[in-house]
Amino acid sequence: MHDSSTTNLASSRGLRANTGNGPTFQVIDIDHPDYVGIIEPDAAFWSVVRKDKAGAALSDGSLLGPYLDKRADMLREMEQLRFGLKPSAVYFNPTERCNLDCTYCYIPRDLRRDGVDMSKEDVVRALTILRDYFKRHVPEGRLPQVIFHGSEPMMARDAVFAGIERFAGEFAFGVQTNGTLLDDEALDFLTSHGVGIGLSLDGPVEAVADSTRRNWAGEGSSSAVVRLLHKLKGYPNYNVICTVTAQNMQHLVEMVDFLHAAGVSTAMLNPVRCTQSGAREIRPADHELTPFYLAALDRTHELFVETGRKLVIANFANVLVGIVAPLARRLMCDISPCGGGRCFFAVGARGDLFPCSEFVGVPEFNGGNLFVDDIDEVLQRPAFTSVTGRRVEDIEPCSRCAVRHFCGSPCPAEAHEMNGAMQRPGAFCELYEEQARYALRLIADGKEEAYLWDGWDDDARTTLSITSLTTGDPRTDVAAAQVGHAPA
């Protein structure tokens with residue numbers, strides 16, 4: 001269990017809401033004509049209640065009683081999610097170099113231009129060490145993940161492919177790439193080995209997409225990625241990341257239309273990470289970005305209704321599933337502490353170990369070296385524990401925010417580099433607020449399934465479900481009030 005910094009000596013039995021040791025229920029406006037949200041932040045418990053029933057829900061015991069019966073289970077689940085996990089994935093940067101010079105990249109420019117590559121021998125050696133480490137920590141029958149990441153991993157293509165071939169069946173492999181170096185031979189290799197492929201594309205047309213993603217000669221990269229989308233159509237294991245900036249946020253609805261028409265089933269609309277100054281210069285203001293962002297989410301639902309085919313925006317879906325089923329989330333950025341150093345870590349091209357790839361350009365977060373140090377020891381060093389110990393309870397205004405465990409105040413690298421300290425918020429607080437409200441509106445209207453991966457709740461169980469306070473009609477009083485869907 002996580003050690004609390006204070007000891008509670010109060011004699012209160014915690015039988016009443018909002019006083020003593022009782023749970024703190026916070027009522028939030030979700031911009032819905034009929035419903036409000038009621039949240040108990042510590043347990044990430046939520047409910048969506050008719051406005052005219054909210055007072056009764058808080059006072060007559062119909063919400064508090066069932067909640068108190070399951071409170072210990074819910075708190076235990078959150079404790080496990082936040083502090084009980086071990087790394088099962090690694091972001092593997094086989095090179096520091098990139099053939100592009102993207103405006104917002106979190107890898108320092110000098111590394112991307114003049115950095116080193118890993119040899120085939122070092123990639124195989126590194127994967128051998130990682131395999132042996134994960135055998136000690138990952139449950140039998142579950143494959144650890146290795147995502148070849150960047151800079152641009154295809155700059156070290158031969159070494160990457162040698163590693164994938166040598167360790168086929170021992171890792172679940174993925175490659176995050178700008179796509180410009182993927183010829184037909186490389187694509188055949190990756191798809192024949194079942195490798196996950198992540199592509200980067202920042203707009204529906206070249207004028208938008210190439211404004212931030214150019215090579216060192218100033219030439220755009222999007223045409224190569226669009227060609228790849230046509231070639232990957234029907235391949236089940238790829239996705240597209242669109243980094244959202246002030247320069248493309250007005251085009252997010254068009255981007256959704258473009259991706260859906262191209263047959264993409266999963267994409268991410270990632271607000272730009274502000275760890276480097278180039279990214280901060282094109283950071284959109286939250287209040288300006290939010291309407292475009294939510295309109296893009298609306299459009300995915302419209303297209304689903306029209307065609308029966310989903311385009312899941314995975315980073316929003318993760319916020320949504322973090323509400324309806326905290327332990328079923330797939331990404332670990334939107335939780336406190338984040339996944340860096342506790343669910344995954346990063347390996348640099350020199351073998352250096354970082355909590356996450358976002359820290360590769362920040363020397364004080366270099367915790368050791370894969371070829372020299374014991375990984376378990378590295379995970380306990382300050383470079384890692386400063387990240388794994390970053391809690392929303394210690395950050396303002398997060399400590400008093402109702403949606404703090406649906407958001408997690410990402411990203412620690414961003415907070416450190418942009419706002420000057422780890423115990424400060426990241427860049428997009430208001431955007432996360434509004435995503436949480438949007439998610440609760442979807443739940444109130446019964447639309448949430450359309451935004452989530454098919455099978456998202458397989459092998460899951462419900463910790464607490466309250467469908468109605470008085471009438472038995474889930475659309476009359478409480479649209480839903482459940483926590484869990486924890487993996488069984």
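Four cavities of 30 Å³ or more are counted in this structure. A cavity here is a set of points, on a 1 Å grid over the protein atoms alone, where a 1.4 Å probe fits but cannot get out, and lining residues have an atom within 4 Å of a point. Grid points are joined across faces, edges and corners, and the volume is the space filled by probe spheres set on the points. The model is a predicted one, in which local features need pLDDT of at least 70 and side-chain atom pairs count only at pLDDT 80 or more, while totals for chains, interfaces and linings use all residues. Residues are numbered from 1 along each chain as its sequence is written, and side-chain values use heavy atoms, with hydrogens and water left out.

The largest cavity holds about 50 Å³ of space. Its lining includes L297, T300, H301 and F304, together with K310, L311, V312, I313, A450 and Y451. Two elements, α11 (286-307) and β10 (312-313), each give two or more residues to that lining. Helices (H or I, at least four residues) and strands (E, at least two) are DSSP runs, numbered from the N terminus. The largest share of the lining, four residues, belongs to α11.

Strand β10 leads us to the sheet. Ten strands form an open sheet with mixed pairing, in the order β10-β9-β8-β7-β6-β5-β4-β11-β12-β13. The edge strands are β10 and β13, each pairing on one side only. Two strands pair if DSSP finds at least two bridges between them. At the β13 end, β12 and β13 run antiparallel and are joined by two bridges, and L353 has G368 in β13 as its bridge partner.

The loop between β12 (352-354) and β13 (368-369) contains P363. Is P363 buried or exposed? With a relative accessible area of 64%, P363 is exposed; the terms are buried for under 20% relative accessible area, exposed for over 50%, and partly exposed in between, with a 1.4 Å probe and protein chains only. The C-alpha atom of P363 is separated by 9.2 Å from that of A383, 20 residues apart along the chain.

A second pairing involves β2 (residues 35-40) and β3, which run antiparallel and are joined by six bridges. I39 has W46 in β3 as its bridge partner. The two strands form a hairpin with four residues between them, and A44 in the turn has a positive phi of about 55°. Of the six residues of β3 (residues 45-50), five are buried.

I turn now to the interior. A nonpolar core is a set of buried Ala, Val, Leu, Ile, Met, Phe, Trp, Tyr and Cys residues joined through side-chain atoms within 4.5 Å. The largest such core has 135 residues, of which L127, L130 and F345 touch the most other members. Helix α17 supplies the largest share of this core, nine residues. A second, separate core of 13 residues includes V36, A43, A57 and L64.

Helix α17 (residues 429-444) has 16 residues and reaches 23 Å from its first C-alpha to its last, close to the 22 Å expected; the expected span is 1.5 Å times one less than the number of residues. In α17, 13 of the 16 residues are buried. G446, which follows α17, has a positive phi near 70°.

Finally, the cysteines. Taking a disulfide as a pair of cysteine sulfur atoms within 2.5 Å, the count is zero. C274 is in no disulfide, and the nearest cysteine sulfur, that of C411, is 9.6 Å away. C274 is buried at 0% relative accessibility.

Key:
1 Å grid on protein atoms, 1.4 Å probe; cavity = no way out; pocket = protein on both sides within 12 Å on 5 of 7 lines; lining within 4 Å.
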